[in-house]
Amino acid sequence: MFANIVSLMKFYPRFAFLLAFSLLFLAYPLRAQERFEDDPHQFNVLNEIERAYRNNRLTLDQKVLFKYYAINNPQKLPAEFQPQESLPIKCGTPVIKEFYTARNQLSAATLRKVKPVPMQYALPVVKSYQSPEGWFTIRYETSGEGAVPAEDLNGNNVPDYVEEVAEAADYSYQQEVLDLGYSNPIGAGETYEIEIVDLGFIYGQTYISNGTTVIQIENDFSENFPPNDHPEGDVIGAIKVTIAHELKHAIQYAATQWSGETDRWSEMDATLMEEVVYDNVNDYYNYLNYG
């Protein structure tokens, strides 16, 4: 059913937002509502910053800089945007997109403080792994703060975490591009790059590089990430839905360069892909009251 509905969304984009919104709440069972409606973590720092900007309490420079801090250095935020408890940020891509859109309106001082993504997460000693289908190159570290978990149960000298990322990438690509027919983010004869890095505060993000995009995903999901329903555990569930989500952002860039009417609901669109590709994970249930 989801495959047919998502296919229709491509041809009727004006209805896509309302349709996606309705589908997500139809998939939101009572048990999830009971589980999270009183969750103390329901503070969305990005929404609070946006609200302050719309109420003319922040300049455009402050809004962009504070959102950048929220996904990179939250300790630099003013006190009003530093909650005692908060869920990890689901996706850093909207912050990256907003910076690219607004950069010509920002002051030189702000531009000096907002570093390009590759400079934030430099990988000094990088290993790479080709996904089984050959569509993705996974780059990762085995030492330092950004190291992936070392577990390698099949003894092939590739950490299981990396193999899970690669498998999720291949499967998401099959579902989203080959089966549903969305725009292909992988150029002819190329592979798509995914970087596993210590994002700390967010699940994943997608950034622009050399006319295409690169996906980054958290390196271990070990601290402060909420539970999900995947039968193999929360970490594997988080890997799967993060890849499905971020791949849709890569598809959006391939289709529209993150511009135009459809980009207004790009985050809802990417969240819907979590349900379409991995409907047994339900990680987004944690965020339905998150604004």
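**Cavity lining and aromatic contacts**

The lining of the largest cavity divides into four nonpolar, no polar and two charged residues. Here Ala, Val, Leu, Ile, Met, Phe, Trp, Tyr, Cys and Pro count as nonpolar, Asp, Glu, Lys and Arg as charged, and the others, Gly among them, as polar. The model is predicted: local features need pLDDT of at least 70, side-chain atom pairs count only at pLDDT 80 or more, and totals for chains, interfaces and linings use all residues. Residues are numbered from 1 along each chain as its sequence is written, and side-chain values use heavy atoms, without hydrogens and water.

The lining consists of Val64, Lys67, Tyr68, Val95, Glu98 and Phe99. Helices H5 and H6 (93–102) each give two or more residues to this lining. The space inside is about 30 Å³. The structure holds one cavity of 30 Å³ or more. A cavity is a set of points on a 1 Å grid over the protein atoms alone where a 1.4 Å probe fits but cannot get out; lining residues have an atom within 4 Å of a point. The volume is the space filled by probe spheres set on the points, which are joined across faces, edges and corners.

The protein has 11 helices and six strands. These are DSSP runs (helices H or I, at least four residues; strands E, at least two), numbered from the N terminus. Buried residues make up 52% of the 291 residues. Buried means under 20% relative accessible area, with a 1.4 Å probe and protein chains only.

Aromatic pairs number 13. Rings of Phe, Tyr and Trp (its six-membered ring) pair if their centres lie within 6.5 Å; planes under 30 degrees apart count as stacked, over 60 as edge-to-face and the rest as tilted. The ring centres of Phe66 and Phe81 are 6.0 Å apart and the planes stand at 50°, so this pair is tilted. Phe66 lies in H5 (residues 60–72), and Phe81 in the loop between H5 and strand E1 (89–91). The two are 15 residues apart. Phe66 has 10% relative accessibility and counts as buried. Phe81, at 2%, is also buried. Phe221 and Phe225 form an edge-to-face pair, 5.0 Å centre to centre with 75° between the planes. Both are buried. Trp135, Phe136, Tyr173 and Tyr192 form one aromatic cluster.

Charges also sit over rings (NZ of Lys or CZ of Arg within 6 Å of the ring centre and within 35 degrees of the ring normal). The charged end of Lys90 is 4.3 Å from the ring centre of Tyr203. Lys248 lies over the face of Tyr182, at 4.1 Å from the ring centre.

Technical notes
Buried < 20%, exposed > 50% of the residue type's maximum accessible area, 1.4 Å probe, protein only. 1 Å grid on protein atoms, 1.4 Å probe; cavity = no way out; pocket = protein on both sides within 12 Å on 5 of 7 lines; lining within 4 Å.
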